Every structure is written in C-alpha cells, then in structure tokens.
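Subject: Structure for your files

Hello,

Please find the structure below. My notes come after it.

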Amino acid sequence: HALEGAHGCSAEQLETIRRVHEALTADLSSRITIDELSRRFLMNPSTMKEVFKTVYGQSIAAHIREHRMERAAELLRETDASMAGAIGYESASKFSAEFRKAYGALPTEYRRAARAEKG
C-alpha cells in the first residue's frame, strides 16, 4: 500500500494524509483548498504538501487532477452526463483542455470512440 515505507513521516502524519486523500477523493466535484484541508486536519500546509508527495509520489493538485480525469473518462464511457461540473471544473473549456492533455482526445471524441468500441 502507498502508506507503507513512506520515509521520514510519523505514523500520525501518515494517518492524517490518508484522511486528507479520502476527503479529496470522496467528492471530486468539490474544490477543497490546501488551507481548508490544513485547518480541518490540523496540519501545516507545507507539511501536508510534503507528506502527501512522499506518500503518493505526486503533488496534491496533480494527484487530484489524475483522479478527476479517470472519473471523467469513466463517466464519458458509461453515461451521457455533462462532465465539467461533475468533477469539479467550473469551466467546460478548462476541463476539455485538461482531459485532452490526459487522454489525447477531447471529451466528446473520447465518448464517441468508447461507444464505437462497445458497438
């Protein structure tokens, strides 16, 4: 598991970061700031960022973006839902740009291709 072998972090810090991760991924449509997380979990923002990166191997922002893109791809394949708001993007164009970076296709192209594969 990701939490095992995280060097230089206390068990308490690791547990807190696991809870931060759960809070971030529980509702991908919400936009929680580092400061809000810092207050909620009583951890200094820079420590939180550092421990998170140690445990998960990437920054909080990059990690959440990855989760959002995976969720968007899943929704595009399985539903007709509009994406941006469902995964926490205020702007459809910003979401489309991020999705294209992650998957090499616009969301509409991805959905069309996924449906064509299903036949």
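The notes below go from the whole chain to a single residue.

This is a predicted model, in which local features need pLDDT of at least 70 and side-chain atom pairs count only at pLDDT 80 or more, while totals for chains, interfaces and linings use all residues. Residues are numbered from 1 along each chain as its sequence is written, and side-chain values use heavy atoms, with hydrogens and water left out.

Overall fold. The chain has 6 helices and 0 strands (DSSP runs, H or I of at least four residues for helices and E of at least two for strands, numbered from the N terminus). In sequence order the pattern is α-α-α-α-α-α. The C-alpha trace spans about 50 × 30 × 20 Å along its principal axes.

Packing and surface. Of the 119 residues, 36% are buried (under 20% relative accessible area, with a 1.4 Å probe and protein chains only). Contacts are heavy atoms within 4.5 Å; among those between residues at least 6 apart in sequence, 56% join residues at least 24 apart. The accessible surface is about 7,200 Å², and carbon and sulfur atoms account for 48% of it (Shrake-Rupley method, 1.4 Å probe).

Charge. There are 18 positive and 17 negative side chains, counting Lys and Arg as positive and Asp and Glu as negative, without His or the chain ends. The centres of the two sets lie 5 Å apart, with each charge placed at NZ of Lys, CZ of Arg, CG of Asp or CD of Glu.

One residue. His-21 sits in helix H1, residues 11-26. His-21 counts as buried because its relative accessible area is 13%. Leaving aside residues up to four places away in sequence, His-21 touches Phe-52, Tyr-56, His-63 and His-67.

Regards

Key. Buried means under 20% relative accessible area, exposed over 50%, partly exposed in between (1.4 Å probe, protein chains only).
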